[in-house]
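Here's a quick briefing to read alongside the sequence and coordinates. Have the viewer open, and we'll go from the overall layout down to single residues.

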Amino acid sequence: MERRKLLATIVSFVMLFSCCFGINAISVFAADEGVFIVSSESAKPGEEVTVTISIANNPGIITSQLEIHYDTGLTIKSVTDKGLLKGTYTPGGDLTANPYTISWNDATATSNNTSNGVIAEITFTVSETATNGDYDIWVTFDEDNVFDINMNNVAFTTQAGKVSVTGAACVTH
């Protein structure tokens with residue numbers, strides 16, 4: 001009986017120890033990882049709405065290329081570089097492309113850009129025929145297209161945004 005109590009105590013201690021240190025290890029890793037964030041906004045059918053693409057927890061990069069994906073019902077009207085990332089900004093050109101590609105490259109950098117904040121604004125037109133609901137906008141990238149001054153890939157995650165459409169005319173039959 002004493003042996004079972006001792007074994008149960010040891011197992012409980014090991015589980016508690018593993019959980020506590022496992023969570024801390026995960027938190028430290030996540031805190032070091034950069035994030036590309038798409039904002040969420042609201043609009044009515046036929047209106048224009050601007051969402052932002054931001055960078056947070058930037059560990060330091062000199063190059064990034066992002067693909068902006070969006071649901072049907074939204075059309076890109078314009079894309080504006082906010083000047084946060086140094087170097088040359090290259091827009092995708094074809095505003096009807098989905099995904100739409102934007103990139104920054106600081107070929108003459110002597111150090112990594114660690115700035116955080118809004119890197120681009122994208123203005124969408126909401127379709128006149130859009131129904132009430134959420135229209136998703138998300139960012140993807142090839143890990144080989146986000147790197148630092150030493151040409152090392154830099155880990156980033158993404159956070160999607162949306163345009164919530166309200167005020168669409170109700171269709172009655």
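What you're looking at is a predicted model, where local features need pLDDT of at least 70, side-chain atom pairs count only at pLDDT 80 or more, and totals for chains, interfaces and linings use all residues. Residues are numbered from 1 along each chain as its sequence is written, and side-chain values use heavy atoms, with hydrogens and water left out.

**Overall layout**

- The protein has one helix and 12 strands, and along the sequence the pattern reads α-β-β-β-β-β-β-β-β-β-β-β-β.
- Of its 173 residues, 33% count as buried (buried is under 20% relative accessible area, exposed is over 50%, partly exposed is in between, with a 1.4 Å probe and protein chains only).
- Take the contacts (heavy atoms within 4.5 Å) with a separation of 6 or more: residues 24 or more positions apart account for 78% of them.
- The protein exposes about 10200 Å², and carbon and sulfur atoms supply 55% of that; accessible areas come from the Shrake-Rupley method with a 1.4 Å probe, and for residues, only the protein chains shown count as cover.

- Strand 4 covers residues 63–70, and six of its eight residues are buried, so the strand is largely enclosed by the rest of the structure.
- Pairing here takes at least two bridges found by DSSP between two strands.
- Strand 7 (residues 100–105) runs antiparallel to strand 4, with six bridges joining them; look for Ser-64, whose bridge partner in strand 7 is Trp-104.
- Strand 9 (residues 133–140) also pairs with strand 4 in the antiparallel sense, over four bridges, and there His-69 stands opposite Trp-138.
- Strand 10 (residues 146–147) is joined to strand 4 by two bridges, again antiparallel, with Thr-63 standing opposite Phe-147.

**Around Lys-162**

- Lys-162 sits in strand 12 (residues 161–165) and is partly exposed, at a relative accessible area of 29%.
- Which residues does Lys-162 touch, not counting those up to four places away in sequence? They are Ser-39, Ser-40, Glu-41, Asp-134, Tyr-135, Asp-136 and Ile-137.
- Ser-39 is 123 residues away from Lys-162 along the chain, yet their C-alpha atoms are separated by 7.0 Å.
- The side chains of Lys-162 and Asp-134 make a polar contact at 3.5 Å (a pair of N or O atoms within 3.5 Å; within protein, one must be able to donate a hydrogen and the other to accept it, and residues adjacent in sequence count only if both atoms are side-chain atoms).

- As background, most residues other than glycine have a negative phi, and most peptide bonds are trans.
- Asn-98 and Pro-99 are joined by a cis peptide bond, with omega about 15 degrees; Pro-99 is in the loop between strand 6 (88–90) and strand 7.
- Asn-57 isn't a glycine, but has a positive phi of about 55 degrees. Asn-57 lies in the loop between strand 3 (48–56) and strand 4 and counts as partly exposed at 41% relative accessibility.
- Met-151 isn't a glycine either, and has a positive phi of about 65 degrees. You'll find Met-151 in the loop between strand 10 and strand 11 (156–159), and at 56% relative accessibility Met-151 counts as exposed.
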